Structure formats: structure tokens, C-alpha cells
Amino acid sequence: MKRALFAIACSIAAGSALAESAKNEAYRNAAVPAPASWQGPTFKLSHDYPQKKPQPCSVAECPWLGIPLPTKTNFTDAGIPVWKEGGVYDNYIQSILDYVKKGQTLDLNNQEGFKVDVNGKTEWFHIPWMAFDKHTGREFVHGLTNERTAVISDFYGEERLGLHSLIGATPGNEQGFETWAVGMYNRYGGYTIGQSWSKKGTPNIETINGVKATKGMPFMQGTVVVKFLFTTATPEEVSYLKGSPEWQADRHVEVDNKFQCKREVQTVRLVQVDVAVVDERSPSRWVYGTFAYLDGKGKTVWDNLKPVGLQWGMDSWTFPAVPKAESIPARQSVLNKSISAFEHYGCNGRLAGPVDNKLSSCLSCHGGAFANTAGYTFSEGTYGPPVFGFEGLCTQYSQDNAEYFQTIQFPQAYTGGNYPDAMNMDTSLQMQIAMQEWALFKQKGTAAAACEVN
């Protein structure tokens with residue numbers, strides 16, 4: 001009896017220790033904390049999520065909901081959307097940017113960064129578990145995480161491959177530029193995050209509409225997501241970055257064009273701003289948009305953010321989701337082709353941002369945001385969809401491409417039925433990452449792989 005009671009007591013103690021450790025890891029501010037000598041700005045995770053469900057967002061607060069966005073698909077030639085300055089699409093995305101910039105500085109300076117508190121209230125929130133991975137997780141200055149590494153042709157196009165030390169570069173042999181980004185959700189999205197994650201740092205999983213999902217899903221209409229993407233490229237390498245906000249980031253050290261595990265505080269520059277909103281009129285329930293920073297004559301940083309386009313579906317009738325002989329032009333993306341600087345856009349007329357994967361699209365990538373219901377870790381194509389690509393992406397008609405470019409919405413499963421244990425994260429890749437990191441912690445107590453030179 002004593003042995004049994006002792007075993008139970010040990011089990012309870014171990015469970016308590018696990019819970020306390022999970023809380024610490026989930027709500028950690030940075031993967032590597034600031035040194036004691038650090039005098040600059042320091043990131044603090046915004047996780048005091050709203051506990052009461054907000055009232056529906058009014059048109060006064062969410063003006064894009066009052067703009068007659070034509071998302072119903074028209075399969076005639078007249079249904080191909082065209083971007084016009086001051087037109088409906090331009091007004092839609094600009095109204096979202098106006099919402100985002102309320103209470104922010106005009107220059108988005110390094111010292112103040114992006115403020116989560118506006119007019120005395122916390123209006124913006126972060127997702128937990130994003131500082132668990134010591135290699136790519138949140139850094140301590142502004143909470144940026146390491147994303148896709150871009151190459152010079154992403155900024156200028158395939159026909160312009162070399163600048164300065166890059167002269168003579170060829171495809172596949174280009175210098176890489178790291179991308180570091182930070183994303184925030186407004187209070188509507190913050191409510192769902194707070195419902196999905198307990199204060200102990202564990203996910204709240206329940207059955208919604210007959211399928212497993214995290215509590216509070218899906219994100220409600222009125223949700224706004226904004227992400228600021230910074231590059232390690234300089235204005236000397238990418239001329240239209242001149243005047244771009246310069247932030248400090250505890251990022252990887254570069255030696256001989258290779259990024260090391262070691263981090264140091266260095267400069268990064270704003271290159272792209274992504275926005276996304278839940279709009280029930282959209283076939284995916286979401287509308288994604290992206291801006292490029294362009295050296296312009298605007299009075300503020302915000303004036304120099306130029307819209308690249310909008311996307312509300314994945315164009316499942318457009319190559320490579322269908323054979324080329326059956327393909328029709330994309331019409332669930334609209335692209336602003338008047339931008340002076342090169343923008344590669346995405347796969348076959350779909351939307352993607354300046355430093356995104358040109359073979360994908362905003363929604364196609366985010367549409368693969370699924371997590372395993374049993375809490376397993378996953379490698380791409382095993383426990384979850386191939387979010388970041390696969391062989392033949394965008395280049396050939398295939399079952400993989402047909403599934404990747406299908407418009408779905410919560411709580412639908414991923415197209416094709418290949419991932420029966422994967423639950424829909426309602427396009428949130430940050431939620432997916434958080435679930436992955438939680439699973440790694442639960443099973444191993446540590447993040448994925450040891451840091452290696454990439």
C-alpha cells in the first residue's frame with residue numbers, strides 16, 4: 001500500500017512538474033533571453049487573452065466588412081479580377097492597414113517597435129510556444145522568428161541574379177538572406193487563442209461539429225492578423241529597401257554566406273507586411289493580403305507600403321490543380337501589377353509576397369495548417385500536410401498539387417483524406433507550430449533537432 005501511495009505521489013509530482021515546465025516554455029518571451037548587459041528594447045509576449053467573447057465586429061470598427069468584395073466566382077472572362085488604384089480591392093486592403101496602424105508610430109522605429117497596447121488597452125496578442133525552438137524561435141529584441149531564407153532573385157526576378165559580391169551568381173548558387181518575422185492577432189483572434197490554450201500552456205482539444213479541434217475554433221469574423229517580415233538584405237543589395245525601418249534582432253551570424261547557429265544582435269529591414277482577416281463572404285472564410293515596402297515619397301513608413309494583392313481562394317480550376325489543357329486563369333487572387341519593383345507573386349497567378357515561395361500562394365500554404373489530434377510530432381507528409389512544398393509543386397499536374405490548391409474552410413479535413421488524425425488550425429501556421437512544439441515538449445522535453453549550420 002505504501003509503495004502504491006508513493007508511486008501515486010511521484011506521478012502527481014511529475015505531472016505537476018511537467019505542467020509547470022509547460023507553462024514556462026509556452027509563455028517564454030524568447031528562445032534565448034537578453035543578456036544582463038542589454039540596454040535596448042526587449043520583447044514581452046502578449047498573452048493576457050480576452051476571456052469574454054467579443055461582440056460581432058461592426059462595420060465602423062472593421063470597415064472592410066462593409067466593402068462589397070466580389071468573392072463569388074464568375075467563370076466568364078469578366079470574372080478575372082483586375083486591380084485598380086482606389087478600386088474595391090485597393091480600398092479593402094488599405095482599410096485593413098488603417099486598422100493595423102492605429103496607435104503605432106509613423107516610422108515604426110526600432111525603439112518602440114509594434115505596440116500591442118493601444119490607447120491604454122491591449123489590442124494585439126501573440127501565440128504561445130513560439131520560443132521553444134532555440135534555433136528559429138523568438139528572439140529577445142522584438143520577438144521575431146526565423147522564417148524562409150530568400151535569395152536575390154526573390155527580390156529582383158530570375159533575370160537579375162547578381163549585385164556587388166553576387167555578380168556571376170547562377171540559379172541554385174545565390175547568396176541567401178534570412179527572413180525574420182513577428183505576427184500578432186487582434187482581440188477577436190486573441191479570444192480564440194486564449195480558448196485554445198490553457199494558462200498551463202497545454203492545448204484545450206474538444207469535439208466541434210463532430211471533429212476534434214482546439215476550443216474556440218474557428219477564428220471569428222473580425223479577426224485580424226498582421227505579420228511584419230524583415231530581411232537581412234541591405235539597400236546596397238536590394239535598392240528599394242532604402243529608407244526601410246531598421247530593427248535590431250538577435251539573429252544568426254553569417255560567415256562566408258552561411259548562417260551559423262550562433263546569434264548576435266544585428267540589423268534587419270522591413271521588406272513585407274502580410275494581413276489576413278476572417279470574412280464570412282469568402283469561400284475560405286479568410287481574405288489574405290500582402291504589402292511590399294518600396295522606397296517612395298510617402299511621408300510615413302505606412303505610406304511606403306504598397307499593396308501586392310489579395311487572395312480569398314486557391315483557384316482549384318487553375319494549373320497545377322488541373323491539367324494545363326483544362327486550366328483557366330486564376331480568379332480568386334487579384335494582383336496589383338502596377339508596382340514598380342519586381343514582385344514574383346505566386347503559382348500561376350495566385351498571390352504570394354516578395355519573400356514568399358513563388359511556387360506556392362498565401363492561402364495554399366496556410367491552408368495546410370493542421371496538427372495531429374493525438375499530439376504526435378510530424379514531419380511533412382507523415383502526420384500533417386506538406387505545407388512548405390513537395391517535388392513538382394506548381395510545375396506539373398499531380399494529385400499532390402490538386403490537393404494543395406483546393407479551397408477548404410474549417411472544420412474540413414485536408415483534401416484527399418490522407419491525414420485522418422490531423423485537425424484543422426483554421427489557416428494559422430503559428431497555431432500549427434505551437435501544437436508541434438507542445439508535442440515535442442510532451443514527448444521529448446526538448447525542441448526538434450540540434451542546431452546545425454544551414
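## Strand E10 and its partners

Strands E7 and E10 run antiparallel and are joined by seven bridges, where two strands count as paired if DSSP finds at least two bridges between them. Helices (H or I, at least four residues) and strands (E, at least two) are DSSP runs, numbered from the N terminus. This is a predicted model, in which local features need pLDDT of at least 70 and side-chain atom pairs count only at pLDDT 80 or more, while totals for chains, interfaces and linings use all residues. Residues are numbered from 1 along each chain as its sequence is written, and side-chain values use heavy atoms, with hydrogens and water left out.

E10 also pairs with strand E12 (residues 258-278), again in the antiparallel sense, over eight bridges. Strand E10 (residues 224-231) is mostly covered, with eight of its eight residues buried; buried means under 20% relative accessible area, exposed over 50%, and partly exposed in between (1.4 Å probe, protein chains only). The cover extends to both faces of E10, with Val224, Val226, Phe228 and Phe230 buried on one side and Val225, Lys227, Leu229 and Thr231 buried on the other.

## Two disulfides

A disulfide is a covalent bond between the sulfur atoms of two cysteines, and is taken here as a pair of cysteine sulfur atoms within 2.5 Å. A search of the whole structure finds two disulfides. One of them joins Cys57 to Cys62, with an S to S distance of 1.8 Å, and the torsion about its S-S bond is about 85 degrees, so this disulfide is right-handed. Cys57 counts as buried at 12% relative accessibility, and Cys62 counts as buried at 0%.

The other links Cys347 and Cys394 at an S to S distance of 2.1 Å, and with 100 degrees about the S-S bond this link is right-handed. Cys347 lies in the loop between strand E15 (333-335) and helix H5 (362-366), whereas Cys394 lies in the loop between strand E16 (370-372) and helix H6 (399-404), so the pair ties together parts that are 47 residues apart in sequence. Cys347 is buried with a relative accessible area of 1%, and Cys394 is buried with 13%.

## Two cysteines without a bond

The sulfur of Cys362 is 8.5 Å from the closest cysteine sulfur, in Cys365, which is too far for a bond. Cys365 is likewise in no disulfide, the nearest cysteine sulfur being that of Cys362. Cys362 is buried, with a relative accessible area of 9%, and Cys365 counts as buried at 16% relative accessibility.

## Helix H7

Helix H7 (residues 429-444) has 16 residues, which at 1.5 Å a residue should span 22 Å, and its end C-alpha atoms are 22 Å apart, in agreement with that value; the expected span is 1.5 Å times one less than the number of residues. Of these 16 residues, 12 are buried, so H7 is largely enclosed by the rest of the structure. Among the buried residues of H7 are Leu429, Met431, Met435, Glu437, Trp438 and Phe441. Just after H7, Gly445 takes a positive phi of about 80 degrees.

## A pocket and the cavities

On a 1 Å grid over the protein atoms alone, a cavity is a set of points where a 1.4 Å probe fits but cannot get out, and a pocket is an open set with protein on both sides within 12 Å along at least five of seven lines, while lining residues have an atom within 4 Å of a point. Grid points are joined across faces, edges and corners, and a volume is the space filled by probe spheres set on the points. The second largest pocket has a volume of about 660 Å³ and is lined by 32 residues, of which Lys44, Leu45, Ser46, His47 and His126 lie nearest its centre. Strand E7 (179-186) and helix H4 (187-196) each supply at least two residues of this lining, which divides into 12 nonpolar, 13 polar and seven charged residues. Here Ala, Val, Leu, Ile, Met, Phe, Trp, Tyr, Cys and Pro count as nonpolar, Asp, Glu, Lys and Arg as charged, and the others, Gly among them, as polar.

The structure holds three cavities of 30 Å³ or more. The largest cavity has a volume of about 70 Å³, and its lining includes Ser284, Trp286, Met314, Ile408 and Asp426. About 40 Å³ of space lies in the second largest cavity, whose lining residues include Met314, Glu403, Ile408 and Tyr414.
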